[in-house]
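Reader: I have a protein structure to look at and would like to go through it piece by piece. Please answer in short steps.

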Amino acid sequence: MKLRKRIVFGLIATLALAALAGCGKDSSSEDAAGAKSGETEKITVGASITPHSEILQQAKPILAEEGIDLEIVQIEDVVTPNTGVVEGTLDANFFQHQPYLDDFNSENGTDMVSIGAVHYEPFGIYAGRTTNLADLPDGALVAVPNNVTNEARALLLLQQEGIITLDTDAGVLAGVNDIVDNPKNIQFSEIDPSQLVRALPDVDVAVINGNYALEGGLSITDALAIELADGLAAQTYKNILVTKRENAENPALLRLVEVLQSEEIQNYISETYNGSVVPVQ
């Protein structure tokens with residue numbers, strides 16, 4: 001009887017160890033799609049509605065064929081996608097550029113990283129009460145984004161157009177206090193980026209993020225001025241896929257980056273957005 005018990009307990013222990021070994025195996029030994037096991041791997045990505053979610057939708061069926069289930073969570077604000085990644089409710093996000101990510105990490109003590117750039121959205125100056133930049137009146141009211149990196153970008157565009165001059169040391173963190181020459185005595189209204197299009201009737205012009213211009217029904221062809229394609233902004237403000245540092249080698253996320261950078265998706269971006277969104281070259 002004791003021998004029988006020992007045999008039974010030994011079998012149970014062997015099965016338990018085998019189960020643990022199966023759970024603890026290195027997933028990197030499988031390909032990103034889980035094709036060897038036939039299982040589907042799910043990744044959840046938070047994204048702005050336009051154009052980020054739309055671009056991800058094009059990648060979704062490609063990944064599905066490889067066993068990767070891409071869940072897209074549409075988010076309208078610019079904070080929740082990052083907090084979702086930090087808290088683990090999102091595997092990654094797709095809505096921001098590197099300067100914004102750097103600023104968020106610095107302000108919040110987080111450690112998120114880019115795993116690939118996908119596209120660039122030119123900033124534009126759009127008409128409100130004034131329909132020509134040459135006609136901006138003295139004391140004109142100009143709306144700009146109210147977060148550090150995007151406000152700097154807006155001010156750099158205004159400088160590009162000769163409306164203001166910034167301190168040469170300000171760079172991509174420029175604020176209104178860095179303006180050293182303001183011949184038209186421009187007044188600035190700092191507004192949440194998502195509200196800039198709605199603000200147009202109440203300001204002379206607004207400097208608007210490309211994605212929010214699109215969501216508001218504007219095209220880059222409507223802009224009075226846009227960032228130069230070969231300028232600092234085009235190199236600095238590419239939109240990136242972001243995740244936690246410890247998740248940066250996740251095979252499914254890296255495969256998503258490859259798909260987003262593929263010729264098929266890059267052609268979709270060029271053909272769909274007519275210059276309002278520019279694929280990474």
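Reader: Is the crossing of helix 2 and helix 10 left-handed or right-handed?

Author: This is a predicted model. In it, helix 2 (residues 49-64) packs against helix 10 (residues 263-273), their axes 11 Å apart and at an angle of about 140 degrees. The crossing of this pair is right-handed.

Reader: Which residues make the contact, and how do they divide by class?

Author: Helix 2 contributes Pro51, Glu54, Ile55, Gln58, Ala59 and Ile62. Helix 10 contributes Glu264, Ile265, Tyr268, Ile269 and Tyr273. By class, the contact of helix 2 with helix 10 holds 8 nonpolar, 1 polar and 2 charged residues.

Reader: At what angle do helix 2 and helix 9 pack?

Author: The residues that meet are Ile55, Leu56, Ala59, Ile62 and Leu63 in helix 2 and Arg255, Leu256, Val259 and Leu260 in helix 9. By class, this contact has 8 nonpolar, no polar and 1 charged residues. The crossing of helix 2 and helix 9 is right-handed. With the axes of helix 2 and helix 9 (residues 251-260) 10 Å apart, the angle is about 115 degrees.

Reader: Is the peptide bond from Thr50 to Pro51 cis or trans?

Author: Pro51 is a residue of helix 2. For the bond from Thr50 to Pro51, omega is near -5 degrees, and the bond is cis.

Reader: In what order do the strands of the sheet of 6 strands stand?

Author: The edge strands are strand 2 (68-74) and strand 13 (278-279), and each pairs on one side only. Inside the sheet, strand 3 and strand 12 (residues 238-244) run antiparallel and are joined by 4 bridges. The sheet is open, its pairing is mixed, and the order is 2-1-3-12-4-13.

Reader: Which residue is the bridge partner of His97 in strand 12?

Author: Strand 3 is joined to strand 12 by 4 bridges. Helix 3 (residues 80-87) lies across strand 3, strand 4 (112-120) and strand 12, at about 140 degrees to strand 3. In strand 12, His97 has as its bridge partner Asn239.

Reader: Which residue of strand 10 stands opposite Val142?

Author: Strand 6 (residues 141-145) and strand 10 (residues 205-208) run parallel, joined by 2 bridges. In strand 10, the residue opposite Val142 is Val205.

Reader: What is the volume of the largest cavity?

Author: A search of the whole structure gives 2 cavities of 30 Å³ or more. The largest of them has a volume of about 160 Å³.

Reader: Of the residues that line the largest cavity, which are the closest to its centre?

Author: Strand 3 (92-97), helix 5 (148-160) and helix 7 (210-215) are the elements that each give two or more residues to the lining of the largest cavity. By class, that lining divides into 5 nonpolar, 9 polar and 2 charged residues. Of the 16 lining residues, the closest to the centre are Phe95, His97, Asn150, Asn209 and Asn211.

Reader: Which element gives the largest share of the lining of the second largest cavity?

Author: The second largest cavity holds about 40 Å³ of space. Among its lining residues are Pro122, Tyr126, Gly210, Ala213 and Leu214. The lining has 6 nonpolar, 3 polar and no charged residues. The largest share, 3 residues, comes from helix 7.

Reader: How do the residues that line the second largest pocket divide by class?

Author: This pocket has a volume of about 210 Å³. Its lining includes Ile49, Glu76, Arg198, Tyr212 and Glu215. Helix 6 (196-199) and helix 7 are the elements that give two or more residues to it. The division is 3 nonpolar, 3 polar and 3 charged.

Reader: What is the phi of Asn185?

Author: Asn185 is placed in the loop between strand 8 (179-181) and strand 9. Although Asn185 is not a glycine, its phi is positive, at about 55 degrees.

Key: Residues are numbered from 1 along each chain as its sequence is written. This is a predicted model: local features need pLDDT of at least 70, side-chain atom pairs count only at pLDDT 80 or more; totals for chains, interfaces and linings use all residues. Side-chain values use heavy atoms; hydrogens and water are left out. On a 1 Å grid over the protein atoms alone, a cavity is a set of points where a 1.4 Å probe fits but cannot get out, and a pocket is an open set with protein on both sides within 12 Å along at least five of seven lines; lining residues have an atom within 4 Å of a point. Grid points are joined across faces, edges and corners, and a volume is the space filled by probe spheres set on the points. Ala, Val, Leu, Ile, Met, Phe, Trp, Tyr, Cys and Pro count as nonpolar, Asp, Glu, Lys and Arg as charged, and the others, Gly among them, as polar. Two strands pair if DSSP finds at least two bridges between them. Axes are lines fitted to C-alpha atoms, for helices over the stretch in contact, and angles run from 0 to 180 degrees between N-to-C directions. A crossing is left-handed if the near helix is turned anticlockwise from the far one by less than a right angle, and right-handed if clockwise. Contact means heavy atoms within 4.5 Å.
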